[in-house]
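Subject: A structure for you to look through

Dear colleague,

I am handing over the structure below, and after it you will find an account of what was found in it. Please keep the structure open beside this email while you read.

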Amino acid sequence: MNISVKNNVSWVGKIDWELRKFHGNELSTYRGSTYNSYLIKEEKVALIDTVWGPFAKEFVKNLSTEIDLKKIDYVIANHGETDHSGALPELMRQIPNTPVYCTTNGVKSLKGQYHEDWDFKVVKTGDRLSLGKKELVFIEAPMLHWPDSMFCYLTGDNILFSNDAFGQHLASESMFNDTVNQSELMYEALKYYANILTPFSALVEKKINEVLSLNLPVDIICTSHGVIWRDNPKQIIETYLKWANKYKENQITILYDTMWSGTRVMAEQIAKGIVQTDKTVTVKLINIGRSDKNDAITEIFKSKTILVGSPTINKGVLTAIASLLDEIRGLGFKEKKAAAFGCYGWSGESVRLITDHLKAAGFTVVDDGLKLLWNPDEAGRKSCVDYGRNLAKKL
Ligand code: FEO
């Protein structure tokens with residue numbers, strides 16, 4: 001399968017409609033994904049990235065219908081993670097002497113994973129590789145999102161091959177941003193950013209500004225996952241700059257788990273108090289024990305404030321909440337406010353524990369939280385509504 005991108009550039013990757021979990025089980029991908037590989041047939045022929053290992057044979061077989069593999073002059077490995085390099089061993093068995101262009105860290109990650117001594121050519125930002133009339137320009141992009149990541153740019157066609165950046169886990173047969181459902185596209189781009197790139201936001205902003213300062217016209221952005229941005233590709237660059245800058249909407253998300261509904265009732269009553277006081281704010285409730293963690297993280301990414309609730313169990317919190325708190329600490333959200341709540345039957349540690357975790361995760365905790373003994377009665381419900389009202393006034 002081959003999809004024409006522009007002139008002598010074509011997509012030769014794999015559309016994976018079945019993918020539901022990525023990074024092991026870490027990331028949900030309910031709309032599948034694609035592993036994008038690009039073939040450039042100028043006077044010289046370059047292949048940019050490959051596909052995930054399980055599709056290696058299929059990929060190489062398909063590629064060999066597009067071109068005699070021996071005519072590939074250069075293999076470009078923008079990123080060593082196995083979803084893009086997984087078919088390299090299969091390919092390189094057929095063309096073992098073809099040079100592989102990557103960063104210094106790319107050599108380390110490819111050797112570390114495949115234990116092969118291919119003809120690595122190390123490139124740095126600004127290095128150029130002639131394909132004849134056109135050139136590939138390399139731009140290192142360390143920690144976007146691995147130390148080895150890089151972009152490359154094709155002169156003449158003005159295509160930026162951005163690898164993971166600007167990607168989305170979104171399978172589509174059409175493969176272009178103007179041919180898919182726009183709300184699905186932007187949701188998947190946001191989910192991808194929130195769950196994968198949030199920790200590197202400062203670097204995202206710096207790298208985009210560095211690329212913009214090169215004054216290279218960008219007509220098309222070819223990512224390594226999801227659609228190719230050919231219709232107004234600047235839109236995703238501008239959106240990334242927004243997301244990278246401590247992004248928040250006027251949203252409060254209440255995330256909780258509950259054993260016998262006491263903490264759920266608290267969540268609902270707090271929400272009631274918030275919306276009674278602030279008619280403009282979007283309030284969402286997520287039972288994290290029953291919800292997709294990555295969708296919840298996407299909602300946290302959008303929020304100006306989060307409330308996290310759990311009853312106390314064995315002097316701790318419910319495991320779904322413990323897992324969420326651990327995850328958000330790693331993501332390093334910036335400039336978000338938070339508070340804790342929960343009911344308890346006897347010892348009641350959950351609110352303090354959640355509060356401590358939120359502080360450690362970099363959230364500004366706005367108060368000591370709200371805890372209630374047993375299930376909320378009428379007075380307890382009222383105290384939740386009052387808490388929500390006060391909170392809305394404070395934010
Ligand atoms: Fe899509 Fe970092 O691999």
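In which helix is S201 found? S201 belongs to helix α6, which covers residues 201-213. Before going further, please keep in mind that this is a predicted model, and that every value in this email was computed from it. S201 counts as buried because its relative accessible area is 13%, which is under the 20% limit used for that word. If residues up to four places away in sequence are set aside, S201 touches Y193, W243 and A244.

The chain as a whole

The protein chain has 12 helices and 22 strands, and its C-alpha atoms fill a box of roughly 80 × 40 × 35 Å when the box is taken along the principal axes. Of the 395 residues in the protein chain, 59% are buried. When you consider the contacts between residues at least 6 apart in sequence, you will find that 72% of these contacts join residues at least 24 apart.

The protein chain is divided into domain 1, which runs over residues 3-244, and domain 2, which runs over residues 251-394. The centres of the two domains, taken over C-alpha atoms, are separated by 39 Å. Where the domains touch, 13 residues of domain 1 are in contact with 12 residues of domain 2. The area buried between domain 1 and domain 2 is about 1100 Å², and carbon and sulfur atoms give 51% of that area. Within the area that domain 1 buries against domain 2, E26, N195 and T198 supply 39%, which is more than any other three residues supply.

Between domain 1 and domain 2 there are 2 salt bridges, and there are also 9 residue pairs in polar contact, counting pairs in which both residues have pLDDT 80 or more. On the side of domain 1 that touches domain 2, the elements that give two or more residues are β5 (27-28) and α5 (182-197), and α5 gives the most, with 6 residues. The residues on this side of domain 1 divide into 8 nonpolar, 3 polar and 2 charged. A salt bridge that you can look up in the model joins the side chains of D295 and K191, with 3.2 Å from N to O.

What kind of peptide bond runs from L144 to H145? The bond is cis, with omega near 10°, and it deserves a careful look, because most peptide bonds are trans. H145 has its place in the loop between β13 (135-140) and β14 (150-154), and S149 is also placed in the loop between β13 and β14.

Is S149 buried or exposed? S149 counts as buried because its relative accessibility is 1%. The side chain of S149 reaches the backbone oxygen of L144 at 3.3 Å, while a polar atom of that side chain lies 3.1 Å from the backbone nitrogen of W146. Leaving aside neighbours within four places in sequence, S149 is in contact with N78, H79, T103, E140, A141, P142 and L144.

Helix α4 and two positive phi angles

The buried residues of α4 (104-114) are G106, V107, S109, L110 and Y114, and these residues pack against α2 (82-85), α3 (88-94), β10 (100-102) and β11. Just after α4 comes H115, which takes a positive phi of about 55° although H115 is not a glycine. H115 is found in the loop between α4 and β11 (120-122), and H115 counts as exposed because its relative accessibility is 65%.

N314 also has a positive phi, of about 50°, although N314 is not a glycine. The place to look for N314 is the loop between β19 (305-309) and α10 (319-331). At 74% relative accessibility, N314 counts as exposed, and the limit for that word is over 50%.

With best wishes

Notes:
Residues numbered from 1 in each chain as written. Predicted model: local features only at pLDDT ≥ 70, side-chain atom pairs only at ≥ 80, totals over all residues. Heavy atoms only, no water. Domains from an automatic or database assignment. Contact = heavy atoms within 4.5 Å. Buried area = accessible area lost by both parts, 1.4 Å probe. Salt bridge = Lys/Arg side-chain N within 4 Å of Asp/Glu carboxyl O. Polar contact = N/O pair within 3.5 Å; in protein donor to acceptor, adjacent residues only side chain to side chain. Helix = DSSP H or I, 4+ residues; strand = E, 2+ residues; numbered from the N terminus. Nonpolar A, V, L, I, M, F, W, Y, C, P; charged D, E, K, R; others polar. Buried < 20%, exposed > 50% of the residue type's maximum accessible area, 1.4 Å probe, protein only.
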